Amino acid sequence: MPDDNRQPGGTVSEAALSDIGMQRADATSRATVLRRLRTTDLVFHGLTRSAAMAILVLLGGVIAALVIGAAPALGTFGFSFLVSESWNPVTEKFGALAPIYGTLVTSFIAMLIAVPIGLMVAFFLTELCPPILRRPIGIAIELLAGIPSIIYGIWGLFVFAPFLQQYMQPFLIDAFADVPVLSSLFAGPPYGIGMLTAGLILAIMVLPFVTSISRDVFEAVPPVLKEAAYGVGCTTWEVFRNVILPYTRVGVIGGFMLGLGRALGETMAVTFVIGNAHKVTASILAPGTTISASIANEFTEAVGDLYTSSLIALGLILFFITFIVLSIARYMLLRLQRQAR
């Protein structure tokens, strides 16, 4: 059969040439678009890799700066810096035991109070709260996270601490005076300020983080699971304990670790109410100090290389404490994810 695109003399028609030209133009246009997309993808890939590498470089720079700054103190005192309670700028005898102890104790008190209350508030908002109150209560809790820490410190020093000194601490001292262990835990005069006060302030500051994250993960639980549990006769507490918490344990632990990170590093609010005393006591009513509070209070007054290096060494210790806590949290989350599979 003769080709329809050819004229009787064997030449290609103008229409056929036009079609070929359009096909070539389309192919060229598609190739241009693909090259542009490939170039854009390569640029985006390079930017994301650069951003990730910048984080690692920044983290490495922070660690290097802390190690270099802390080297004189660690070289002078050695391991005794971690276990010594002494902190005397006049004789240049420094030890980190009291700040480490205060940091851990106040953070433990804060999480001991904030986590149960945060979980209960989150469950109330998702399951039990009337719809008309759900949004106002949720907004009020989230507003707590937006209050500057120095406001918490001022409120704690001038309002909360006097209340504790006049009412709560005398009650605790009298109530546990004859209990063997608790008598030492709640011993001493009611100063108002101290590690308990700092822990309570931290609990208020941490509560919005725990509550918000727990509420979000509780809302992600499939309704069919809760309905099935109620259908077989489970109580509200049993649904919370056996259905919601196991299903959302990864998110709950994430919220717990986020709040703990905030509690470990909080500075201004703790500085106002902890008393800033470099000593280790069994009583949580006594004044103490934390790593961040010690650095904030004394860094501008540090005279001498050894004094400054000791404060930087405290920052290095706080960095490693936070790193260890986050590593443990990550390991727990990985184990939970493997068990869920």
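Analyst: Start with disulfides. A disulfide is a covalent bond between the sulfur atoms of two cysteines. This is a predicted model, and its count comes to zero disulfides.

User: Is cysteine 129 buried or exposed? And how does cysteine 234 count?

Analyst: Cysteine 129 has a relative accessible area of 4%, so it is buried. Cysteine 234 has 26% relative accessibility, so it counts as partly exposed. The cut-offs are simple: buried is under 20%, exposed is over 50%, and partly exposed is in between.

User: Now helices. How do I describe two that pack together?

Analyst: Two packed helices are described by the angle between their axes and the distance between the axes. Take helix α3, residues 97-128, and helix α4, residues 131-146. They pack at an angle of about 150°, and their axes are 10 Å apart.

User: What does that angle make α3 relative to α4?

Analyst: An angle over 145 degrees counts as roughly antiparallel. That makes α3 roughly antiparallel to α4. The crossing of α3 past α4 is left-handed.

User: Which residues meet there?

Analyst: From α3 come Val121, Phe124, Leu125 and Thr126. From α4 come Arg134, Ile137, Gly138 and Ile141. Sorted by class, the contact of α3 with α4 has five nonpolar residues, two polar and one charged.

User: Let me pick one of those residues. Where is phenylalanine 124 found, and what does it touch?

Analyst: Phenylalanine 124 is in helix α3. Its relative accessibility is 32%, so it counts as partly exposed. Leave out residues up to four places away in sequence, and phenylalanine 124 touches Cys129, Pro130 and Ile137.

User: How do I compare spacing along the chain with spacing in the model?

Analyst: Look at C-alpha atoms. Phenylalanine 124 and leucine 37 are 87 residues apart along the chain, and their C-alpha atoms are separated by 49 Å. Now try serine 86 and histidine 278. They are 192 residues apart along the chain, with their C-alpha atoms separated by 7.5 Å.

User: Where is serine 86 found, and what is it in contact with?

Analyst: Serine 86 sits in the loop between α2 (80-83) and β1 (87-88). At 33% relative accessibility, serine 86 counts as partly exposed. Setting aside neighbours within four places in sequence, serine 86 is in contact with Lys93, Phe94 and Gly95.

User: What about glutamate 85?

Analyst: Glutamate 85 is in the loop between α2 and β1. At 33% relative accessibility, glutamate 85 counts as partly exposed. Its contacts, not counting residues up to four places away in sequence, are Leu97, His278, Lys279 and Val280. From glutamate 85 to glycine 254 it is 169 residues in sequence and 33 Å in space, C-alpha to C-alpha.

User: Give me another helix pair. How do α7 and α10 pack?

Analyst: Helix α7 covers residues 195-219, and helix α10 covers residues 249-265. Their angle is about 160°, with the axes 9 Å apart. The two are therefore roughly antiparallel to each other. The crossing of α7 and α10 is right-handed.

User: Which residues of α7 and α10 make the contact?

Analyst: On the α7 side, they include Leu202, Met205, Val206 and Phe209. On the α10 side, they include Gly251, Val252, Gly255 and Leu258. By class, the residues of the contact of α7 with α10 divide into 11 nonpolar, three polar and one charged.

User: How do α3 and α7 cross?

Analyst: The axes of α3 and α7 come within 6 Å and cross at roughly 35°. The crossing of α3 and α7 is right-handed. The contact of α3 with α7 has 24 nonpolar, eight polar and two charged residues.

User: One last feature. What should I know about phi?

Analyst: Most residues other than glycine have a negative phi. Glutamate 92 has a positive phi, near 55°. Asparagine 276 also has a positive phi, near 55°.

User: Where do glutamate 92 and asparagine 276 lie?

Analyst: Glutamate 92 is in the loop between β1 and β2 (93-94). It is partly exposed, with a relative accessible area of 36%. Asparagine 276 lies in the loop between α11 (268-273) and α12 (291-298). At 32% relative accessibility, asparagine 276 counts as partly exposed.

How values were computed:
Residues are numbered from 1 along each chain as its sequence is written. This is a predicted model: local features need pLDDT of at least 70, side-chain atom pairs count only at pLDDT 80 or more; totals for chains, interfaces and linings use all residues. Side-chain values use heavy atoms; hydrogens and water are left out. Axes are lines fitted to C-alpha atoms, for helices over the stretch in contact, and angles run from 0 to 180 degrees between N-to-C directions. Helices (H or I, at least four residues) and strands (E, at least two) are DSSP runs, numbered from the N terminus. Angles under 35 degrees count as roughly parallel, over 145 as roughly antiparallel, 65 to 115 as roughly perpendicular and the rest as oblique. A crossing is left-handed if the near helix is turned anticlockwise from the far one by less than a right angle, and right-handed if clockwise. Contact means heavy atoms within 4.5 Å. Ala, Val, Leu, Ile, Met, Phe, Trp, Tyr, Cys and Pro count as nonpolar, Asp, Glu, Lys and Arg as charged, and the others, Gly among them, as polar. A disulfide is a pair of cysteine sulfur atoms within 2.5 Å. Buried means under 20% relative accessible area, exposed over 50%, partly exposed in between (1.4 Å probe, protein chains only).
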